[in-house]
Amino acid sequence: LGYQLSVRTRAGGLSSETTASGRTVPQPVSGLSMLPINDGKVLKLSWSPPSGYWENYNILLRNGSEVLVNQSTGKESTQLAFSSLGFGLVPGRLYGADVTVQSGSLANTARCYGRLAPGPVQQLLVSHADESSLGVLWNQPAGEWDGYSVVLRQGKAASVVDRRLLSREARQCTFYGLTSGCLYSITVATNSGNLSSSSTVTTRT
């Protein structure tokens with residue numbers, strides 16, 4: 001908000017007045033977040049407006065040090081959406097967003113991070129099955145990811161028999177010591193941050 005300050009000086013019967021104007025720094029937005037919506041195809045940036053006075057917002061979407069979006073919006077805005085198709089967003093990659101509250105030449109910036117879910121593994125197949133072991137293999141997913149979670153479940157009750165955490169370079173997983181003739185399902189989840197996508201195959205020993 002803009003303010004004006006006046007200082008009046010008196011000496012004897014004479015006086016002089018000096019006037020200066022200035023602004024206070026605007027408050028930052030609150031509740032800033034960037035989350036995937038529309039089946040993971042869009043990143044939605046949302047926030048709550050600051051208290052006090054401000055004129056508009058400036059929005060930056062960053063891929064590391066690269067600026068993908070630099071856009072000004074009116075003070076009535078509280079969200080902005082970025083589609084994976086329109087902005088070339090990569091599944092699983094972490095993006096940063098800055099929302100700057102502007103008032104004259106003064107500003108206050110808040111930052112958050114978000115990502116689209118990673119892609120699921122491709123062509124998940126049973127590589128072998130015998131009396132006591134099962135193995136699966138897959139092709140890598142599209143985009144970026146941290147690693148895989150592989151879960152083995154038994155029977156229609158789908159009780160968890162084993163769980164593995166594998167590196168991002170892994171392309172296969174084998175489970176041993178299984179019961180012959182049993183129905184099993186193997187789920188391979190691609191993990192990126194706190195998001196994941198999965199594929200499942202079902203077979204028998």
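A charge sits over a ring when NZ of Lys or CZ of Arg is within 6 Å of the ring centre and within 35 degrees of the ring normal.

## Charges over rings

The model is predicted, so local features need pLDDT of at least 70 and side-chain atom pairs count only at pLDDT 80 or more, while totals for chains, interfaces and linings use all residues. Residues are numbered from 1 along each chain as its sequence is written, and side-chain values use heavy atoms, with hydrogens and water left out.

The charged end of Lys-75 lies 4.4 Å from the ring centre of Trp-54, over the ring. Arg-168 is placed over the face of Trp-145, with 4.3 Å to the ring centre.

## Aromatic pairs

Rings of Phe, Tyr and Trp (its six-membered ring) pair if their centres lie within 6.5 Å; planes under 30 degrees apart are stacked, over 60 edge-to-face, and the rest tilted. Trp-138 and Tyr-148 are an edge-to-face pair because their planes stand at 65°, with ring centres 5.3 Å apart. This pair links distant parts of the chain, 10 residues apart: Trp-138 is in strand 11 (residues 134–139) and Tyr-148 in strand 12 (residues 147–154). Strands (E, at least two residues) and helices (H or I, at least four) are DSSP runs numbered from the N terminus.

Tyr-148 also pairs with Trp-145, in a tilted arrangement with 6.3 Å between centres and 40° between planes. Relative accessible area under 20% means buried, over 50% exposed, and in between partly exposed (1.4 Å probe, protein chains only). Trp-138 is buried at 1%, Tyr-148 is buried at 1%, and Trp-145 is buried too. Elsewhere, Trp-47, Trp-54 and Tyr-57 make up one aromatic cluster.

## Salt bridges

A salt bridge is a side-chain nitrogen of Lys or Arg within 4 Å of a carboxyl oxygen of Asp or Glu. The structure has four. Asp-98 bridges to Arg-62, with the closest N and O atoms 3.2 Å apart. Asp-98 is in strand 8 (residues 94–103) and Arg-62 in strand 5 (residues 56–63), so the bridge ties together parts 36 residues apart in sequence. Within it, Asp-98 is buried at 4% relative accessibility, whereas Arg-62 is partly exposed at 22% and Arg-111 partly exposed at 47%.

Arg-93 and Glu-144 form another salt bridge, 2.7 Å from N to O. Arg-93 has a relative accessible area of 22% and Glu-144 one of 29%.
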